[in-house]
Amino acid sequence: MSAQKKSRRMTAPQIQARKGGQPIVCLTAYSTPMARILDESVDLLLVGDSLGMVIYGLDSTLGVTLDMMIAHGAAVRRGVEKACVIVDMPFGSYQASPEQAFRAAARVMAETGADGVKLEGGTEMAETVAFLSRRGIPVMGHVGLMPQSVNVAGGFRSHGRDYKEGERIRQDALAIAEAGAFSLVIEGTVEPLAREITEMLTIPTIGIGASPACDGQILVVDDMLGLFTEFQPKFVKRYANLAEDIHKAVESYAEEVRGRQFPAAEHCFGAVRPVRVVGE
């Protein structure tokens with residue numbers, strides 16, 4: 001049975017082979033129950049360091065630790081039979097040197113069972129991507145808006161609006177692809193530039209706030225389900241409003257508990273007649 005399940009799962013090379021084909025469906029996931037729900041519909045699940053804000057209420061991704069990513073990566077992997085699982089490398093776990101990156105990525109792969117890792121950066125990270133790829137660790141790149149570098153980028157904004165910045169992103173994308181990444185996330189980048197990079201590269205591009213021409217798309221699952229409501233980025237389409245549904249459900253529960261309507265006899269063990277409450 002385990003061999004059967006393993007054979008069904010999408011791999012990083014299979015994702016890479018989808019370049020120019022059917023668009024690749026990607027979402028983030030942080031828990032086993034959510035991974036089980038998403039697994040049948042997606043090609044790739046990213047255990048994103050966005051969990052810092054979505055799960056832990058942090059102001060940015062910078063406070064996310066390697067242990068946090070490993071714990072959530074393992075949880076997602078336990079809920080997956082089909083999708084390729086990629087785990088974000090958190091800030092500070094890979095930038096110092098290729099050797100540091102390998103030690104951290106090896107832990108992620110060994111302790112989560114993931115199919116690869118994702119790291120942010122362009123030309124400055126090409127050597128690290130090559131180092132990891134040569135040692136058997138599939139790497140997904142990430143260029144354009146890079147949340148881990150938001151402090152030096154001047155905040156969350158769209159990238160590639162002027163020639164100089166656009167050329168830098170082009171060179172970043174090319175360097176990461178040539179270094180051996182199996183795919184590349186393009187985030188928060190003006191549409192014509194994301195389209196051009198997609199046409200230029202031989203590996204799939206995964207867009208988020210980029211272009212419909214990308215080889216795939218990804219969103220933070222809590223954003224698209226309407227669970228994370230602190231703000232709604234321009235590039236997010238809400239496919240549900242679960243926060244409102246949850247609020248209504250909890251209101252109904254609270255009303256029934258306070259009115260002694262819940263639990264009823266059918267929710268109690270051994271109850272053969274309506275349960276009377278002492279004092280009523």
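Modeller: A residue is called buried when its relative accessible area is under 20%, exposed when it is over 50%, and partly exposed in between, using a 1.4 Å probe and protein chains only. This is a predicted model, in which local features need pLDDT of at least 70 and side-chain atom pairs count only at pLDDT 80 or more, while totals for chains, interfaces and linings use all residues. Residues are numbered from 1 along each chain as its sequence is written, and side-chain values use heavy atoms, with hydrogens and water left out.

Biologist: Okay, so is Gly-92 buried, exposed or partly exposed?
Modeller: Gly-92 counts as partly exposed, because its relative accessibility is 43%.

Biologist: And where is Gly-92 placed?
Modeller: Gly-92 sits in the loop between β3 (84-88) and α6 (98-112); helices (H or I, at least four residues) and strands (E, at least two) are DSSP runs, numbered from the N terminus.

Biologist: What do the strands close into, and in which order?
Modeller: Eight strands close into a barrel in the order β1-β2-β3-β4-β5-β6-β7-β8, with parallel pairing; two strands pair if DSSP finds at least two bridges between them. From one strand to the next the twist averages 25 degrees, where axes are lines fitted to C-alpha atoms, for helices over the stretch in contact, and angles run from 0 to 180 degrees between N-to-C directions.

Biologist: How many bridges join β1 to β2?
Modeller: Three bridges join strand β1 (residues 24-28) to β2, and the two run parallel; Thr-28 stands opposite Leu-46 in β2. On to the next pair, β2 and β3 are parallel as well, over four bridges, and there Leu-44 stands opposite Cys-84 in β3.

Biologist: Which residues of β2 are buried on its two faces?
Modeller: In strand β2 (residues 44-47), Leu-44 and Leu-46 are buried on one side, and Leu-45 and Val-47 are buried on the other. In a regular strand the side chains alternate between the two faces of the sheet.

Biologist: Switching topic, how many disulfides are there?
Modeller: A disulfide is a pair of cysteine sulfur atoms within 2.5 Å, and by this rule the count is zero. The closest cysteine sulfur to that of Cys-26 belongs to Cys-84 and is 8.7 Å away, which is too far for a bond. Cys-214 is in no disulfide either, since its nearest cysteine sulfur, that of Cys-26, is 11 Å away.

Biologist: Are Cys-26 and Cys-214 buried or exposed?
Modeller: Cys-26 counts as buried because its relative accessibility is 3%, and Cys-214 counts as buried at 5%.

Biologist: What about α7, which of its residues are buried?
Modeller: In helix α7 (residues 126-134) the buried residues are Ala-126, Thr-128, Val-129, Ala-130, Phe-131 and Leu-132. They pack against α6, β5 (139-144) and α9 (163-178), where contact means heavy atoms within 4.5 Å.

Biologist: How many aromatic pairs does the structure hold?
Modeller: The structure holds two aromatic pairs; rings of Phe, Tyr and Trp (its six-membered ring) pair if their centres lie within 6.5 Å, and planes under 30 degrees apart count as stacked, over 60 as edge-to-face and the rest as tilted. One of them joins Phe-102 and Phe-131, whose ring centres are 6.4 Å apart and whose planes are at 80 degrees, so the pair is edge-to-face. Phe-102 lies in helix α6 and Phe-131 in helix α7, so the pair ties together parts that are 29 residues apart in sequence.
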